[in-house]
Amino acid sequence: MSGSTACNQTVEEQDDRGPDVPAADATPGLLVVFCSGAPTLIPVPIARGRNEFGRAELAAHNVEDPRASRRHFAIEWSADALRIHDLGSTNGLFVNGARLSEPLTVPSGGIAVLRLGRTILLLAAERARFEPLRPIVNDGLVVGSALRAVHQRIAALARAGQGVFLTGESGVGKEVAAKLYHRASPRSSGPFVAVNCAAVPKELAERLFFGSTKGAYSDAVAAPGYLQAAHGGTLFLDEVADLDLSVQAKLLRALDTREVLPLGATRTERVDLALCAATLCGLRDAVSAGSFREDLYYRIGRPEVWLPPLRERPEEIAFFVDRVSRQGGVPPAVSLIEACLLRRWPGNVRELCAEVRSAATLALTSSAAEVSSECLDEHAGRPVRTANPAPPAPTARSADPKSERPASPAVTAESSELDTVVRSASVALGIAQKTVRKLLPREQLQALYERLVGQDPDASLTLLRRAAAESLLGMMEDAAYSQSIVATSLGTSRTTLLKLTALLDLPRASALDPEVIERAIAEAGGDEDAAAHALKISPTALKKRRASRD
């Protein structure tokens with residue numbers, strides 16, 4: 001293929017799997033995802049041989065762009081590849097963010113992001129992955145073709161009365177899928193109770209799940225648990241792998257017998273509910289590690305439904321970006337849509353929406369007419385990289401030939417390793433490197449480096465955020481959960497600390513259900529300070545949360 005450039009990475013670090021269709025039978029597709037300042041999904045057919053596109057050909061598909069040339073670009077579909085050519089257009093054709101200067105080849109199974117004027121198109125070697133074409137957009141929810149097939153399976157399981165176990169990366173929409181399961185189930189008229197098992201305080205877990213009777217222990221009051229609250233409806237257990245072992249056996253018996261024994265009770269209570277559980281990955285590893293009961297796994301871990309990450313659902317991205325940008329008061333520029341399509345988004349929809357919201361705020365405060373790609377944080381949507389780190393810059397001592405003595409190879413290697421983790425954590429957490437060093441002790445950085453070696457970007461991101469969450473929780477506990485004290489200790493602002501707390505999904509008063517707060521206060525005999533400590537929030541935040549409810 002002399003004279004052509006191989007498109008080895010069509011989307012940043014692309015990991016698109018797509019349907020298992022033989023390349024010889026795959027039909028490519030050109031899909032318009034953004035034009036005339038709005039998201040869309042318009043198929044433009046590609047025939048075998050040479051296909052030329054310009055102003056007239058695009059207009060025939062209701063794609064109007066005054067910056068398109070009469071003859072703008074061509075796509076050659078041969079037996080083994082797709083090749084893109086710029087036909088000498090006035091404004092150029094940009095492929096994967098770079099202006100096309102010579103023919104470019106898209107490999108089998110790949111996707112290329114094309115921009116001409118104010119129009120964005122996806123060139124997919126296998127069009128079937130985007131059919132049906134139009135995403136469902138309803139009340140802020142965007143469901144493309146890949147996710148739609150998964151949702152249909154979840155709904156079918158719900159109608160059949162089966163439970164379901166959801167897996168997928170953080171931010172892919174597991175709670176959205178759980179709510180869909182509830183709406184499709186025979187118990188849709190009942191309550192939907194969502195519980196984040198990772199956020200349930202160990203000391204209160206049994207009480208919160210199974211309820212208690214008055215006098216069960218000192219100052220105990222009669223109150224239902226999560227299972228009783230979900231009676232007649234659906235109980236959604238998110239991050240179920242983090243459920244404390246002491247609760248797992250009792251949960252299994254409750255699910256098998258459909259009876260709950262509250263704390264202090266001598267008689268069981270009948271419960272009828274559907275169960276939907278979720279975690280970042282399957283439970284087999286947790287069972288092997290001894291942190292999750294094997295018998296409970298067999299009860300709730302099947303059938304397993306995997307939710308695809310956002311990078312495998314590119315047809316949804318423009319819709320999310322447009323919605324969030326406009327909610328922020330500024331429409332998106334075509335450059336923002338392009339930039340978002342070219343990034344991996346390891347945090348998926350949650351990360352995309354948060355970063356676009358921040359970009360819209362920046363554009364609004366700058367009085368910009370549109371949210372451009374320049375408003376998007378440079379680290380947004382990018383994976384944490386730990387392999388092949390660049391060597392650290394020489395220090396003043398190492399650069400000084402009069403240094404007393406050179407650092408030993410072992411010390412230099414260790415510093416390089418720690419610098420690698422610090423840089424990765426800084427990107428993953430969105431905080432300065434000096435803040436990372438205050439958050440994570442040296443020995444913890446060293447242990448992290450050893451665990452990160454050989455890990456893929458997504459696993460590295462999970463490890464870094466988990467370590468940061470544990471360390472930050474410890475600092476908050478030492479500071480009686482005072483955000484001002486913790487922010488000062490980290491040498492950062494309270495705003496940055498709040499963003500970090502939200503990113504790590506740590507307990508926040510604003511996110512706690514008022515009923516959970518009242519139960520904790522009752523458990524603490526009316527002592528708000530003790531209740532706040534049990535909930536891992538500051539007493540001041542607890543008081544403000546109660547006041548806002550009133």
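What follows walks through a sheet, the helices against it, and a separate helix pair in a predicted model. Residues are numbered from 1 along each chain as its sequence is written, and side-chain values use heavy atoms, with hydrogens and water left out. Local features need pLDDT of at least 70 and side-chain atom pairs count only at pLDDT 80 or more, while totals for chains, interfaces and linings use all residues.

The sheet is open and has 6 strands in the order 3-2-11-10-7-8, with antiparallel pairing. Strands (E, at least two residues) and helices (H or I, at least four) are DSSP runs numbered from the N terminus, and two strands pair if DSSP finds at least two bridges between them. Strand 3 (38-44) and strand 8 (98-99) are the edges, each pairing on one side only. Strand 2 (residues 29-35) runs antiparallel to strand 3 and is joined to it by 5 bridges. Within this pairing, Val-32 stands opposite Ile-42 in strand 3.

Helix 9 packs on the sheet, where it touches strand 2 and strand 3, and its direction makes about 160° with that of strand 3. Contact here means heavy atoms within 4.5 Å; angles run from 0 to 180 degrees between N-to-C directions, and axes are lines fitted to C-alpha atoms, for helices over the stretch in contact. Helix 10 lies across strand 2, strand 7 (94-95), strand 10 (111-116) and strand 11 (119-124), running at about 25° to strand 11.

These two helices also pack on each other. Helix 9 (residues 317-327) and helix 10 (residues 334-341) have axes 10 Å apart at an angle of about 130°. Helix 9 and helix 10 are therefore oblique to each other, the class left after roughly parallel (under 35 degrees), roughly antiparallel (over 145) and roughly perpendicular (65 to 115). Ile-317, Ala-318, Val-321 and Ser-325 in helix 9 meet Leu-336, Ile-337, Cys-340 and Leu-341 in helix 10. The residues of this contact divide into 7 nonpolar, 1 polar and no charged.

The side chains of Arg-115 and Glu-338 meet in a salt bridge (2.9 Å, N to O), defined as a side-chain nitrogen of Lys or Arg within 4 Å of a carboxyl oxygen of Asp or Glu. Arg-115 is in strand 10 and Glu-338 in helix 10, 223 residues apart. The whole structure has 15 salt bridges.

The axes of helix 19 (residues 514-523) and helix 20 (residues 528-535) come within 8 Å and cross at roughly 120°. Val-516, Ile-517, Ala-520 and Ile-521 of helix 19 contact Glu-528, Ala-531 and Leu-535 of helix 20.

Methods:
Nonpolar A, V, L, I, M, F, W, Y, C, P; charged D, E, K, R; others polar.
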